Amino acid sequence: MLFLQLPLLSVLLPGGNNEDVFKEPISYHVMQITSYYNHSWVKTVGSGWLDEVQTHNWESNSGTIVYLRPWSKGNFSDKELLELELLFRMYFIGLTREVHNYDSQLQLEYPLEIQVAGGCELHSWKESTGFLWGAYQGLDFLSFHNNSWIPSPECGSKAENVCALLNQYQGIKEIVHGLISDTCPRLTLSLLEAGKADLQRKVKPEARLSSGTTPGPGRVLLICHVFGFYPKPVWVMWMRGNQEQPGTQRGGVLPNADGTWYLRVFLNVTTMEASDLSCRVRHSSLGDKDIILYWEHHSSLGVIFLAVIVLLVLLTGFMLWFRTRWGENATKIYKKNMLETRVNF
């Protein structure tokens, strides 16, 4: 059934009906973090992601799936979604029970944290790969390959014992295999179809320059702010002419509340070196028209802005002085007139 649906991607993805659209794998994965403070305190955080777009949350108190986008259900029926929700609910309950039952035998120490990532990648029209990895206390612990649980060498006998226990349950292995090899690819395709308009939208970035805290005498920290762009991939570099500056440092790409992204790119140079530099931005929404901001223009604008501020301060001071003097003179004239009026009277 999966590969009967794969041709849908010729419509859903840019590039037409050829395999070039799979320049990078398209993935869906769920992430789980479960923290056990003791036998009575457990907290689970779960989420689902289509590549880097979050589509689902897990509400641990009610044991339900939260659909974060209008298209997060894909084309799955309510019955199939309810079955998945029930399966996850049973999994979280069972995991907690087994951890508490086998904590001594498996040498698990509280507080402990279990992290799980599982899903699938679509590589081409005819190929998908399922995966599932588990971590214990932040270290690789086990993985699922060829319908078996494989221990990580980093965790030695502890991981071996857990995998030996899990491999006894053939029914669980069949469920996991079905989820990552069939359910996940079908869900990925249905999300791509249902979320086509949202996933393929493009928002052009905006950019501005600023300077940061002076890193030393005679030096300046140049900052290029790029914000409001979608999708996430973006190329930003400090340039001198057509030469990329090797000292360019890139911060993390951070999300905005409206679903777009934000990035800062830094360059630490001497004051003399800054004059010929520019920040260049490339993004899919811009086509072949890069954004280029020149630092010397920014510096000139900064000088002009400073001059305008100084002029406004001087004008404000003059107006205050004028009003004060005018008020004093008006008061003197008023008093003089009143005095003359009384004398004449």
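Visitor: Is C163 buried or exposed?
Guide: The model is a predicted one. A residue counts as buried when its relative accessible area is under 20%. The relative accessibility of C163 is 2%, so C163 is buried.

Visitor: How far is the sulfur of C155 from the closest cysteine sulfur?
Guide: A disulfide needs sulfur atoms within 2.5 Å. The closest cysteine sulfur to that of C155 belongs to C163, and the gap is too far for a bond. C163, likewise, is in no disulfide. The distance from C155 to C163, sulfur to sulfur, is 9.8 Å.

Visitor: Which cysteine forms a disulfide with C120?
Guide: The sulfur of C120 has a partner sulfur 2.1 Å away. C120 lies in strand β5 and the partner in helix α5, so the bond ties together parts that are 64 residues apart in sequence. The torsion about the S-S bond is about -80°, so this disulfide is left-handed. The partner of C120 is C184.

Visitor: Which strand holds C279, the partner of C224?
Guide: C224 and C279 are joined by a disulfide, S to S 2.0 Å, and both are buried. C224 sits in strand β10, and the pair ties together parts that are 55 residues apart in sequence. C279 lies in residues 277-282, which form strand β16.

Visitor: What pattern do the disulfides follow?
Guide: The structure has two disulfides. One joins C120 and C184, and another joins C224 to C279. With bonded cysteines counted along the chain, the pattern is 1-2, 3-4.

Technical notes:
Residues numbered from 1 in each chain as written. Predicted model: local features only at pLDDT ≥ 70, side-chain atom pairs only at ≥ 80, totals over all residues. Heavy atoms only, no water. Helix = DSSP H or I, 4+ residues; strand = E, 2+ residues; numbered from the N terminus. Buried < 20%, exposed > 50% of the residue type's maximum accessible area, 1.4 Å probe, protein only.
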